Amino acid sequence: QVQLVESGGGLVQPGASLRLSCAGSGTIFSAYAMGWYRQAPGKQRDLVAGITSGYSTNYADSVKGRFTISRDNAKNTVYLQMNSLKPEDTAVYYCRAQFGPRGYDYWGQGTQVTVSS
């Protein structure tokens with residue numbers, strides 16, 4: 001089983017920045033597509049940003065220009081740099097790893113991000 005552990009969340013004011021980290025183990029990390037998702041209470045879990053094994057990226061429209069996803073395969077880690085945070089960014093953020101050819105799909109436990117004045 002692949003284990004994913006998120007960290008870096010917290011309580012910040014609007015306009016602040018945070019960097020989330022997702023550390024993976026038990027896998028050939030470089031082969032996986034990675035993604036960050038978020039879920040607020042009572043709402044669905046939505047994709048925030050994704051990065052493929054080939055380093056292609058995609059973002060939700062709501063975070064384009066503010067968030068950046070990156071990966072460091074040597075460290076088995078994917079990051080989400082979040083700038084200019086807004087109250088509507090408040091959610092639990094989850095890391096996901098996918099390897100389609102073998103049907104692998106794993107999720108981390110989530111980390112809370114709260115943006116409030």
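The model is predicted, so local features need pLDDT of at least 70, side-chain atom pairs count only at pLDDT 80 or more, and totals for chains, interfaces and linings use all residues. Residues are numbered from 1 along each chain as its sequence is written, and side-chain values use heavy atoms, with hydrogens and water left out.

The protein has 0 helices and 11 strands. Helices (H or I, at least four residues) and strands (E, at least two) are DSSP runs, numbered from the N terminus. Read from that end, the elements run β-β-β-β-β-β-β-β-β-β-β. The radius of gyration is 14 Å, close to the 13 Å that the globule rule gives for 117 residues, so the protein is as compact as a globular protein of that length. This radius is taken over C-alpha atoms, and the globule rule is 2.2 Å times the number of residues to the power 0.38. The C-alpha trace spans about 45 × 25 × 25 Å along its principal axes. Of the 117 residues, 39% are buried. Buried means under 20% relative accessible area, exposed over 50%, and partly exposed in between, with a 1.4 Å probe and protein chains only.

Strands of a sheet pair through backbone hydrogen bonds, either parallel or antiparallel. Here, two strands pair if DSSP finds at least two bridges between them. An open sheet of 4 strands has the order 1-3-8-7, and its pairing is antiparallel. Strand 1 and strand 7 (67–72) are the edge strands, each pairing on one side only. From one strand to the next, the twist averages 15°. For such angles, axes are lines fitted to C-alpha atoms, for helices over the stretch in contact, and the angles run from 0 to 180 degrees between N-to-C directions.

Strand 1 covers residues 3–7 and is joined to strand 3, residues 18–25, by 5 bridges. Gln 3 has Ser 25 of strand 3 as its bridge partner. Ser 7 stands opposite Ser 21 in strand 3. Side chains alternate along strand 1. Arg 19 belongs to strand 3. Its relative accessibility is 48%, which counts as partly exposed. Arg 19 and Ser 7 are 12 residues apart along the chain, and their C-alpha atoms are separated by 8.6 Å.

Strand 3 also pairs with strand 8 (residues 77–82), through 6 bridges and in antiparallel fashion. Leu 18 has Met 82 of strand 8 as its bridge partner. On the strand 7 side, 6 bridges join strand 7 to strand 8, again antiparallel. Thr 68 is partnered with Gln 81 in strand 8, and Arg 71 stands opposite Val 78.

Most residues other than glycine have a negative phi, and most peptide bonds are trans. Asn 76 has a positive phi of about 50° although it is not a glycine. Asn 76 sits in the turn of the hairpin that strand 7 and strand 8 form, with 4 residues between them. Its relative accessible area is 24%, so Asn 76 is partly exposed. Ser 84 also has a positive phi, near 50°. Ser 84 lies in the loop between strand 8 and strand 9 (91–99). At a relative accessible area of 42%, Ser 84 is partly exposed.

The largest pocket has a volume of about 190 Å³. Of its 13 lining residues, Arg 38, Ala 40, Lys 43, Asp 46 and Glu 88 are the closest to its centre. Strand 4 (33–39) and strand 5 (46–51) are the elements that give two or more residues to the lining. Strand 5 supplies the largest share, 3 residues. By class, the lining has 5 nonpolar, 4 polar and 4 charged residues. Ala, Val, Leu, Ile, Met, Phe, Trp, Tyr, Cys and Pro count as nonpolar, Asp, Glu, Lys and Arg as charged, and the others, Gly among them, as polar. On a 1 Å grid over the protein atoms alone, a pocket is an open set of points where a 1.4 Å probe fits, with protein on both sides within 12 Å along at least five of seven lines; lining residues have an atom within 4 Å of a point. The volume is the space filled by probe spheres set on the points, which are joined across faces, edges and corners.
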